[in-house]
Amino acid sequence: MNRPSIFITTAIDYTNAPPHLGHAYEKILADCYARHYRQRGKAVFFLTGVDQHGQKVQQAASRAGIPPASYASQITELFRQLWQKLDISYDGWAETTHPTHKKVVQNILSQLLNQNDLYKAEHSGFYSVRQEQFLTDKERNEKGEFGPEWGEVIELVEENWYFRLSNYRQWLASFLDNHPDCVFPPFRSVELRNAINKTSGDLCISRPKSRLSWGIEFPFDNSFVTYVWFDALINYISFAGFRSDDPSEVSSFWSRWPALHIIGKDILVPAHGIYWLTMLKAIGFSDDQMPSFLVHGYINIAGEKMSKTLGNVVDPFRLSENYGAGALRYYLMAECICGQDMDFSTERLTLRYNSELANGLGNLLNRTANMVRRYRNGTLIRPPSPTPQANSLISQAIQTWQSVAASMDAFKPQEAIASIFSLVDSANKFAEAESPWKLAKDPTQSHRLDSALWAMALTSLHAASLLSPFLPNETQKIAAQLQSPLLTYSNHSSSQQDCFQFAEPQPVFPRIETNTTS
RNA sequence: GCCAAAGUAGCUCAGCGGUAGAGCAAGGGACUCAUAAGCCCUGGGUCGGGGGUUCGAAUCCCUCCUUUGGCACCA
């Protein structure tokens, strides 16, 4: 990540149902990356949003008895509220019903038609009237039949538009062979590579209006709307300035691109790994303009996949009300091995919050603040030559910045957090070793007392600054208590800080009491 | 079925050829600046089973077992 600008996207969420914890995890992950790279002085463009078109939205809307547009905008509002609650600092917001997006999608369709990448063909197959979709052999049960869950199944002949994906399959295979690091974690890259071999044929990118009207109309054939995936994937470029009428938008697009797409494991194959990459190739993106993917896992509840049918869907609104957005953000980032599934439990959340944030960092700050107020009237002046012990703690703090950056670049946020807390541990051990409360009793130890308190205060500031991408709100409160701005990558080692003026000590991370039933 | 990933202390995971590790949880101790927080000490897990390579394997190879995921038109 040596580029001066970073373009981060998340999947755009489908507006057929309210957000759940999995949606929240992905946005929190992306937000932590966006904030981390901003702290490193990069020009970050963080794009997220919602996917509003398609069959499922149309169905959900008709069940609710309202037009698809109203239904989509109601759900969209819920997502926006959640992101606000969780402090998601996105720079761009994608809504696929937006006219700008529609224009780019239609522009691309026309381009592909002109370069002979599209064709119209007839397809016949089994169609479920109830589910409003074509069925494949995958949907057959053990007896080779389509079960009752599909309702009436008829054979249907339909004309549609196809994208000549097969023209690009070979290119995609060799691209992935030459760029295996395009997908993280590595085994997902293998999975994608293997999937290409097993696929054949082209991609159907239209739906006849007779059965689906909620979509972007084909510019050259108004009896069809665009298949949702083809529509949705384009958000990554349409909302970033690609093919904008404003030339400065276009040039900022090219300074941002290529993107890091943060997505869930369920939509790598085929949507992003196959459709999106071949679409980009067809549109004219070169090999070194291809995006990369950070593929995360699922959040399970007691070992089981979250699903509406199991009735174990966790509501992120309620979680952030009960525990606070910070606690939720912290727990998800500290606990999850990026790329793997994780098991969610409020017990673990409470445990980690209490032991690391409350007892670790919170208490470090609080004990420091109290001693500075008690022994130094709340004002701490930088000692001209701190003791070697104090210097050693401070230099560990400075070194931690590098390890955090390295861990983040390696897509290991949990490792980054671990190294921040190893610094906090060192500071608490340092406090025991120096015992400022003993030094305070001996006037001849005044310099050593100043050094110790200084090192503790400065380390608290370093730890809070390093933690700020994960806990933007709470770390601001720490900064307020220290009455000092948070540090960044450009000033952390040469901070001009020469005084701490402590505000009234107040627990930033009050312990979550557990004896009450949750 | 095919292709992958994982199986290490109660829990979450690190180690990936050289005498089994971390954090949390559990037990004990000394202290008091602090959100009864922090600090110190302790805990002995056949590293999924079996076989092989090697002076030596959690670490390489084979095989079996268990769990999870992907295998295009549903987003």
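The crossing of helices α17 and α18 is left-handed, and that pair is a handy place to start with this predicted model.

**α17 against α18**
- Helix α17 covers residues 446-467 and helix α18 covers residues 472-482; their axes come within 9 Å and cross at roughly 155°.
- Angles over 145 degrees count as roughly antiparallel, and that makes α17 roughly antiparallel to α18.
- On the α17 side, the contact uses Ala457, Leu461, Ala464 and Leu467, which meet Thr475, Ile478 and Leu482 of α18.
- Sort those contact residues by class and you get six nonpolar, one polar and no charged.

**α14 against α17**
- Helix α17 also packs with α14: here the axes come within 8 Å and cross at roughly 10°.
- Angles under 35 degrees count as roughly parallel, so α14 is roughly parallel to α17.
- From α14, the residues in the contact include Leu393, Ile398, Trp401 and Val404, and from α17 they include Trp454, Leu458, His462 and Leu466.
- The class count for this contact is 11 nonpolar, six polar and one charged.

**α1 against α14**
- Helix α14 has α1 as a partner too, with axes that come within 11 Å and cross at roughly 135°.
- These two helices are therefore oblique to each other, and their crossing is left-handed.
- Cys32, Tyr33, His36, Tyr37 and Gln39 of α1 touch Trp401, Val404, Ala405, Met408 and Asp409 of α14.
- Those residues split into seven nonpolar, two polar and one charged.

**Salt bridges**
- Side chains of opposite charge can pair when their charged atoms come close.
- The whole structure holds 22 salt bridges.
- One joins the side chains of arginine 40 and aspartate 409, at 3.1 Å from N to O.
- Arginine 40 sits in the loop between α1 (21-39) and β3 (43-51) while aspartate 409 belongs to helix α14 (residues 388-409), so this pair ties together parts that are 369 residues apart in sequence.

**Backbone spots to look up**
- Tryptophan 257 and proline 258 are joined by a cis peptide bond, with omega about 5°; you'll find proline 258 in the loop between α9 (247-256) and β13 (260-264).
- Valine 269 and proline 270 are joined by a cis peptide bond as well, with omega about 0°, and proline 270 lies in helix α10 (residues 268-283).
- Arginine 243 isn't a glycine, yet its phi is positive, at about 55°; look for arginine 243 in the loop between α8 (235-238) and α9.
- Helix α15 (residues 413-434) has 22 residues and reaches 32 Å from its first C-alpha to its last, close to the 32 Å expected at 1.5 Å a residue.
- Just after α15 comes serine 435, with a positive phi of about 45°.

- Alanine 503 is in the segment after β19 (499-501).
- Leaving out residues up to four places away in sequence, alanine 503 touches Arg373, Ala480, Gln481 and Gln483.

Terms used. Residues are numbered from 1 along each chain as its sequence is written. Chains are lettered from A and ligands numbered from 1 in the order in which they are written. This is a predicted model: local features need pLDDT of at least 70, side-chain atom pairs count only at pLDDT 80 or more; totals for chains, interfaces and linings use all residues. Side-chain values use heavy atoms; hydrogens and water are left out. Axes are lines fitted to C-alpha atoms, for helices over the stretch in contact, and angles run from 0 to 180 degrees between N-to-C directions. Helices (H or I, at least four residues) and strands (E, at least two) are DSSP runs, numbered from the N terminus. Angles under 35 degrees count as roughly parallel, over 145 as roughly antiparallel, 65 to 115 as roughly perpendicular and the rest as oblique. A crossing is left-handed if the near helix is turned anticlockwise from the far one by less than a right angle, and right-handed if clockwise. Contact means heavy atoms within 4.5 Å. Ala, Val, Leu, Ile, Met, Phe, Trp, Tyr, Cys and Pro count as nonpolar, Asp, Glu, Lys and Arg as charged, and the others, Gly among them, as polar. The expected span of a helix is 1.5 Å times one less than its number of residues. A salt bridge is a side-chain nitrogen of Lys or Arg within 4 Å of a carboxyl oxygen of Asp or Glu.
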